[in-house]
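Thanks for coming. I will take a few minutes on one structure, and you can follow along on the screen.

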Amino acid sequence: NRSWRSIPLLCYHNTCGPDGHSQEQLAAHLDCIRDMGLATLTASEIVAVVTGNATLRQPAVGITFDDGHVSNWLTALPLLRERGLRATFCACSDLR
């Protein structure tokens, strides 16, 4: 009898420019996560929780940045570091 927990996952792609979130929007989202006291989990921590191998000590969220867009490194990473938040960054190794 497993006790499953729901963990919201926020997925971002481009974090600059008209086809994605602006730096200001992302900063506001991250401020809200921080101000709500949510833990930011790594991918392995999320897997551990949903498989029943770990439990949450506080409300949490997962944040991912997909596709390896350069704005993830230039914009998102500094904003995360400033707030002491963590995220999972994914990169495509083949675009075929």
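Predicted model: local features only at pLDDT ≥ 70, side-chain atom pairs only at ≥ 80, totals over all residues.

Residues are numbered from 1 along each chain as its sequence is written, and side-chain values use heavy atoms, with hydrogens and water left out.

The cores come next. In soluble globular proteins, nonpolar side chains tend to be buried together. By nonpolar core I mean a set of buried Ala, Val, Leu, Ile, Met, Phe, Trp, Tyr and Cys residues joined through side-chain atoms within 4.5 Å. Buried is under 20% relative accessible area, exposed is over 50%, and partly exposed is in between, with a 1.4 Å probe and protein chains only. The largest such core here has 13 residues, and those with the most contacts inside it are Leu26, Leu30, Ile33, Ile63, Phe65 and Leu80. Two or more residues come from each of helix 1, strand 3 (60-65) and helix 3 (70-83). Helix 1 gives the most, with four residues. The helices (H or I, at least four residues) and strands (E, at least two) are DSSP runs, numbered from the N terminus. There is also a second, separate core of seven residues, which includes Ala39, Leu41, Val49 and Ala60.

What does Ile63 touch, beyond its neighbours within four places in sequence? The list includes Leu10, Tyr12, Leu30, Ile33 and Leu80. Contact here means heavy atoms within 4.5 Å.

Now the helix pair. Helix 1 and helix 3 pack at an angle of about 30°, with axes 10 Å apart. Axes are lines fitted to C-alpha atoms, for helices over the stretch in contact, and angles run from 0 to 180 degrees between N-to-C directions. The two helices are therefore roughly parallel, a label for angles under 35 degrees; over 145 is roughly antiparallel, 65 to 115 roughly perpendicular, and the rest oblique. On the helix 1 side, Gln23, Leu26, Ala27, Leu30, Asp31 and Arg34 meet Thr75, Ala76, Leu79, Leu80 and Arg83 of helix 3.

On to charge. A search of the whole structure finds five salt bridges, each a side-chain nitrogen of Lys or Arg within 4 Å of a carboxyl oxygen of Asp or Glu. Asp31 pairs with Arg34 at 3.4 Å, N to O; these two, three residues apart in helix 1, are separated by about one helical turn. Arg34 also bridges to Asp35, at 3.1 Å. Arg34 is partly exposed at 37%, while Asp35 is exposed at 59%. Glu82 and Arg83 form another bridge, with their closest N and O atoms 3.3 Å apart. Glu82 is exposed at 61%, whereas Arg83 is buried at 15%. Shared partners join Asp31, Arg34, Asp35, Glu82 and Arg83 into one network.

Last, two single residues. Thr15 sits in the loop between strand 1 (9-12) and helix 1 (23-35). Is Thr15 buried or exposed? Buried, with a relative accessible area of 0%. Val50, in helix 2 (residues 43-50), is partly exposed at 28%.
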